[in-house]
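Hi everyone, thanks for making time. I'd like to walk you through a few spots in this one, so please have a look at it while I talk.

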Amino acid sequence: MTMPPDSSRPVTVPRLRELRDTGHKLTMLTCYDAGFARTLDAAGIDLMLIGDSLGMVVQGAASTLGVTVTDIAYHTRCAAAATQRALIVADLPFQADATPERALDAACTLLRAGAGMVKLEGAAGHKLDAIRYLSERDIPVCAHLGLTPQSVLRLGGFKVQGRGDAAAAQLRDDAQAVAAAGAELLVLEAVPSPLAAAITAASPIPTIGIGAGPDCDGQVLVLHDMLGLDSGHRRPRFVQDFLAQGGSIAGAIRAYIEAVQAGRFPAAEHGYAA
Ligand code: KIV
């Protein structure tokens, strides 16, 4: 199995760029509780995301909009209790980043619960203000561009983003802007593979793709999706069921890590054309 150099060393924020610079593909999965956190950590996952996707896969809602800071803090505390090595990234849920002050308040709650970084969606002016405000106050931020599920009402559904010259140029500019505002990591969701490759090549910070092709610096999937659980929602094309090949939950997680690190996942059929 391919493991990162010195795989027992805790994954810190500066280490993300070091790992990217050695050509190591960063591996990330969502996680919401201690049992899975222990299994993911033992398998050598680099990053765990306490995603607001928990609104859909744990709470059974149709979107992520109902998730609160209290929800994310609860699941962060559960996962952090069983994590030694992976860096825990916790989502700022819907409107928790509406002002820099609200974002700081929410981020402090999530850091106290055990997160090492917070993630926020979008690059509108107030989002850049929030990223800057947090990073100037020593709170590491992961940005999230492309399909941002908290914008589902405005977008009219969970749709591929960045198609067409104008949308692609906007996404490239946004990726530069979030890094300039101080983000340390960038999730790209449901973006045409060539665009994600171009953004990654120009990005000073590591990129993590989900439905963004093979050329990002790392990959993330929702845990329930990669274990083949029926979430009650249409399964996106970028999902692969690793339980079938892994044979057990721990085996599935190891198979995912190996496939990402070896460049076998995602394959061409998991990506979107421009
Ligand atoms: O909430 C989440 O799980 C996410 C991933 C889909 C990137 O944001």
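Helices (H or I, at least four residues) and strands (E, at least two) are DSSP runs, numbered from the N terminus.

Please keep in mind that this is a predicted model, where local features need pLDDT of at least 70 and side-chain atom pairs count only at pLDDT 80 or more, while totals for chains, interfaces and linings use all residues. Residues are numbered from 1 along each chain as its sequence is written, and side-chain values use heavy atoms, with hydrogens and water left out.

Okay, helix H8, residues 165-181. Which of its residues are buried? They are Ala168, Leu171, Asp174, Ala175, Val178, Ala179 and Ala181. Looking down the axis of H8, these buried residues fall within an arc of 160°, so they line one face of the helix; that arc is taken from the directions from the helix axis to the C-beta atoms. On the face turned away from that buried side, H8 carries the exposed residues Asp165, Ala166, Asp173 and Ala180. And what do the buried ones pack against? That would be H6, S5, strand S6 (185-189) and helix H9 (193-202), with contact meaning heavy atoms within 4.5 Å.

Next, strand S3, residues 87-91. Five of its five residues are buried, so S3 is largely enclosed by the rest of the structure. Leu87, Val89 and Asp91 point one way, Ile88 and Ala90 the other. For neighbours, S3 pairs in the parallel sense with strand S2 (residues 47-50) over four bridges; pairing here needs at least two DSSP bridges between the strands. Leu49 has Val89 of S3 as its bridge partner. Strand S4 (residues 117-121) also runs parallel to S3, joined by three bridges, and Ala90 partners with Val118 there.

Most residues other than glycine have a negative phi, and most peptide bonds are trans. Gln95, in the loop between S3 and H5, has a positive phi of about 70°. Asp138 has one near 65°, and at 69% relative accessibility Asp138 counts as exposed. Finally, Phe265 and Pro266 are joined by a cis peptide bond, omega about 0°.

Note on methods. Buried means under 20% relative accessible area, exposed over 50%, partly exposed in between (1.4 Å probe, protein chains only).
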